[in-house]
Amino acid sequence: MSKNLLLILTRNPELGKCKTRLAAKVGDTAALDIYKFLLRHTVSITQDLQVEKWVLYSENIWEDDIWSNLGYKKKLQVGEDLGERMSHAFAEGFRAGFENIIVIGSDMFHLDQSDLEKAFLQLQSNDYVVGPAEDGGYYLLGMKSLQTALFENKAWGTDTVLSDTLKDLRSKTVYFLDERNDVDHYEDIKDIEAFEPFLKHIEP
């Protein structure tokens, strides 16, 4: 068994239930199409990664979807908020015997396989790896042992998540990946060519 585990948090791609902040501008149908596009991108950057991979669904496990049952182990997220869900996933991973665990979401267009390989490599010589997001959160978090404080007393979805998380890591060695932008709002994608087909109905 690989000692490295990648956790991928994903929402079931259902109309009106994903990318709601984006949908406020582009509509539910376009938001769903964009999210499915981002899911396909996440598959493309993880399917050849030589680590164990768990996909954690928000609502229900879909056996027949874009996540291959051969390459990904499918599980349900457990917890009331994002912090509880990540904490539970990390805890389960460490109980299963993994030594290096990284979590990502499934909506990062500016992430590729080499970023993930670099993150696992840096965990060999650092306690934690963090991928800071432009909105004040993070798009990637990696660790070698569970520290539950990272997932407690955070205002998830706000611009204080990263700074509050780093306060919990002051005595640890942390490697920072490049800052990246995740996709939450129309402004995050309006100038990116790959998203143009989904935005033709939007007034400039």
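The largest pocket holds about 1100 Å³ of space. The model is predicted. Rolling a probe the size of a water molecule over the atoms shows where empty space is left.

**The pocket.** The lining of the largest pocket has 39 residues. Nearest the centre of the pocket lie Lys19, Arg21, Leu82, Asp107 and Asp184. By class, the lining splits into 15 nonpolar, eleven polar and 13 charged residues. Several elements each give at least two residues to this lining: β1, α1 (20–26), α3 (82–95), β4 and β6 (138–143). Which strand gives the most? Strand β6 does, with four residues.

**The sheet.** Seven strands form an open sheet with mixed pairing. Their order is β3-β2-β1-β4-β6-β5-β7. Strands β3 (73–76) and β7 (174–176) stand at the edges. Each of these two has a single partner strand, so one side of each is left without a neighbour in the sheet. From one strand to the next, the twist averages 20°.

Strand β1 (residues 4–10) and strand β2 (residues 52–57) run parallel. Six bridges join them. Leucine 5 stands opposite glutamate 52 in β2. Helix α2 (residues 28–46) lies across β1, β2 and β4 (100–104). This helix runs at about 175° to β1.

**Two residues up close.** Are tryptophan 54 and threonine 165 buried or exposed? The table gives their places and values.

| Residue | Element | Relative accessible area |
|---|---|---|
| Tryptophan 54 | strand β2 | 4% |
| Threonine 165 | helix α5 (residues 161–167) | 1% |

The cut-off for buried is under 20% relative accessible area. Tryptophan 54 has 4%, so tryptophan 54 counts as buried. Threonine 165 has 1%, so threonine 165 is buried too.

What do they touch? Leave aside residues up to four places away in sequence. Threonine 165 then touches Tyr138, Leu150 and Lys154.

Tryptophan 54 and isoleucine 101 are 47 residues apart in sequence. In space they are 11 Å apart, C-alpha to C-alpha.

Terms used: Residues are numbered from 1 along each chain as its sequence is written. This is a predicted model: local features need pLDDT of at least 70, side-chain atom pairs count only at pLDDT 80 or more; totals for chains, interfaces and linings use all residues. Side-chain values use heavy atoms; hydrogens and water are left out. Two strands pair if DSSP finds at least two bridges between them. Axes are lines fitted to C-alpha atoms, for helices over the stretch in contact, and angles run from 0 to 180 degrees between N-to-C directions. Contact means heavy atoms within 4.5 Å. On a 1 Å grid over the protein atoms alone, a cavity is a set of points where a 1.4 Å probe fits but cannot get out, and a pocket is an open set with protein on both sides within 12 Å along at least five of seven lines; lining residues have an atom within 4 Å of a point. Grid points are joined across faces, edges and corners, and a volume is the space filled by probe spheres set on the points. Ala, Val, Leu, Ile, Met, Phe, Trp, Tyr, Cys and Pro count as nonpolar, Asp, Glu, Lys and Arg as charged, and the others, Gly among them, as polar. Buried means under 20% relative accessible area, exposed over 50%, partly exposed in between (1.4 Å probe, protein chains only).
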